[in-house]
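Biologist: I would like to learn how to read a few features of a model. Please take them one at a time.

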Amino acid sequence: MTVRSQLLKGFLDGCVLSVIEKQTVYGYELSRKLQQAGLPDVPEGTIYPVLLRLQKQGLVVSEMRPSESGPNRKYYSITPSGQETLAVIRREWQLLSVPLDVLLKEESE
C-alpha cells in the first residue's frame with residue numbers, strides 16, 4: 001500500500017459523504033466524481049464497501065431507481081446523521097490541515 005493510499009483511506013468516508021451531500025448518486029457515478037475531483041486511484045471495488053459501511057452506520061440511505069441505459073441503479077443519499085458526521089469531518093480537517101501543511105511544507109529558502 002502506497003503512502004497516498006494510506007492517507008486517502010483515512011479521508012475516503014468524508015470524500016464520499018461530501019459528494020453525496022451535493023447530489024444523490026449511484027456507485028459508478030460516485031467513482032467518476034471522485035476521479036474528476038483528482039482522486040483517480042479510488043477503484044470501484046473500494047467504493048461499494050465504503051457505501052455499504054456508511055449505510056450500515058445510518059449515514060447514507062439507498063433506493064433503487066430505473067435506468068434508461070440498463071438495469072436499475074442503487075442511488076445513495078446522505079441522511080441527517082451523515083450531514084452531522086460530515087460537519088465533524090470538515091471541522092477536524094480544518095484543525096489538521098493547517099498544522100500539517102506547516103509541518104510538511106518543504107523549505108524553499
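Biologist: Is R90 buried, partly exposed or exposed, and what is its relative accessibility?

Modeller: Buried means under 20% relative accessible area, exposed over 50%, and partly exposed in between (1.4 Å probe, protein chains only). R90 is at 36% relative accessibility, so it counts as partly exposed. As for the source, this is a predicted model, where local features need pLDDT of at least 70 and side-chain atom pairs count only at pLDDT 80 or more, while totals for chains, interfaces and linings use all residues. Residues are numbered from 1 along each chain as its sequence is written, and side-chain values use heavy atoms, with hydrogens and water left out.

Biologist: Which residue forms a salt bridge with R90?

Modeller: Side chains of opposite charge can pair when their charged atoms come close. The rule here asks for a side-chain nitrogen of Lys or Arg within 4 Å of a carboxyl oxygen of Asp or Glu. R90 pairs with E21, with the closest N and O atoms 2.9 Å apart. This pair links distant parts of the chain, since R90 is in helix α4 and E21 in helix α1, 69 residues apart. Helices are DSSP runs (H or I, at least four residues), numbered from the N terminus. E21 is partly exposed, at 33% relative accessibility.

Biologist: How many salt bridges does the count come to by this rule?

Modeller: The count comes to three. One of them joins R53 to D13, the closest N and O atoms being 2.7 Å apart. R53 lies in helix α3 (residues 44-56) and D13 in helix α1, so the pair ties together parts 40 residues apart in sequence. Another is between the side chains of E63 and R65, at 3.1 Å from N to O.

Biologist: How much space lies in the largest pocket?

Modeller: Rolling a probe the size of a water molecule over the atoms shows where empty space is left. On a 1 Å grid over the protein atoms alone, a pocket is an open set of points where a 1.4 Å probe fits, with protein on both sides within 12 Å along at least five of seven lines; lining residues have an atom within 4 Å of a point. The volume is the space filled by probe spheres set on the points, which are joined across faces, edges and corners. For the largest pocket this is about 430 Å³.

Biologist: Which residues lie nearest the centre of the largest pocket?

Modeller: Of its 14 lining residues, L7, L8, F11, C15 and W93 lie nearest the centre. The largest share of the lining, seven residues, comes from α1.

Notes: Helix = DSSP H or I, 4+ residues; strand = E, 2+ residues; numbered from the N terminus.
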